[in-house]
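Colleague: I am new to this structure and would like to go through it with you. Could we begin with the terms?

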Amino acid sequence: AGLHGAALNPLDPDGYSVAAFQLPLIGKAEEGLRIIERANRLDIPEGFHTWIRYFCYFHAGRFEEAKPAYTEVEWPGASRLMRSLMGGEASVGKEMAKSISAKWRTARSGPMDWTNRLIFYGPLLVRLGLNEDALWLLERCTEANSPPPYDFLLVDPDMQKIKGDRRYSKALAASRKYALLFLKQADAARAQGEYPKQLERPLAELRALLEQPPRG
């Protein structure tokens, strides 16, 4: 969908950003970097695209390039945690993460707040050894009826480290149910000629993923 938006308006960085930030979540950070560089070539102020570039470098393991790309223009807490992990300062990152997590427990939050926190912070929490905090976030997503992407839970190497927990299994089932609902709605829109042809390939990929037996 992000690439479809970028095709409609190649001078708007949002489409590139939407596409690129999803790819590290399913182990394709290098592909995300190739897309986001197109946004960074545009003569525009710092924004989400700048942060996504840093995010992709980190998840690609390209730390020497991630360090000069550092930015806090979006998600400053996650930026600092990534920097602590790259700098070999896990103990500093752990204390920082505990403080951030404590604030979430008293903050007023909507469904997408929990999903975004899980996507941007969940893998970092696991890397810092804070599995319980990551699982707590995962449970909040399930309770808020805003599960994370199904393939993210199946593929992300850090999230795979907590898949033995019942909270992971419950979230995976909720994510699968949500994806099946989307597929049903997309099929209905396509039958009425209201689904862009450019999105049919990812729709087929989603269908193939959901036809596989549930894992986790």
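Modeller: Contact means that heavy atoms lie within 4.5 Å. Helices (H or I, at least four residues) and strands (E, at least two) are DSSP runs, numbered from the N terminus. This is a predicted model, in which local features need pLDDT of at least 70 and side-chain atom pairs count only at pLDDT 80 or more, while totals for chains, interfaces and linings use all residues. Residues are numbered from 1 along each chain as its sequence is written, and side-chain values use heavy atoms, with hydrogens and water left out.

Colleague: Which residues of H4 meet H6?

Modeller: From H4 these are Trp51, Tyr54, Phe55 and Phe58; their partners in H6 are Ala78, Ser79, Met82, Arg83, Leu85 and Met86. The residues of this contact comprise eight nonpolar, one polar and one charged. Here Ala, Val, Leu, Ile, Met, Phe, Trp, Tyr, Cys and Pro count as nonpolar, Asp, Glu, Lys and Arg as charged, and the others, Gly among them, as polar.

Colleague: At what angle do H4 and H6 pack?

Modeller: The angle is about 30°, and the axes are 11 Å apart. Axes are lines fitted to C-alpha atoms, for helices over the stretch in contact, and angles run from 0 to 180 degrees between N-to-C directions.

Colleague: Now the loops. Where is Trp75 found?

Modeller: Trp75 is in the loop between helix H5 (63–66) and helix H6 (76–86). Its phi is near 45°, a positive value in a residue other than glycine. Most residues other than glycine have a negative phi.

Colleague: Finally, what is Ala60 in contact with, leaving aside neighbours within four places in sequence?

Modeller: Ala60 is in contact with Ala29, Glu30 and Leu33, those neighbours set aside. Ala60 sits in the loop between helix H4 (48–59) and H5, and is partly exposed at 26% relative accessible area.

How values were computed:
Buried < 20%, exposed > 50% of the residue type's maximum accessible area, 1.4 Å probe, protein only.
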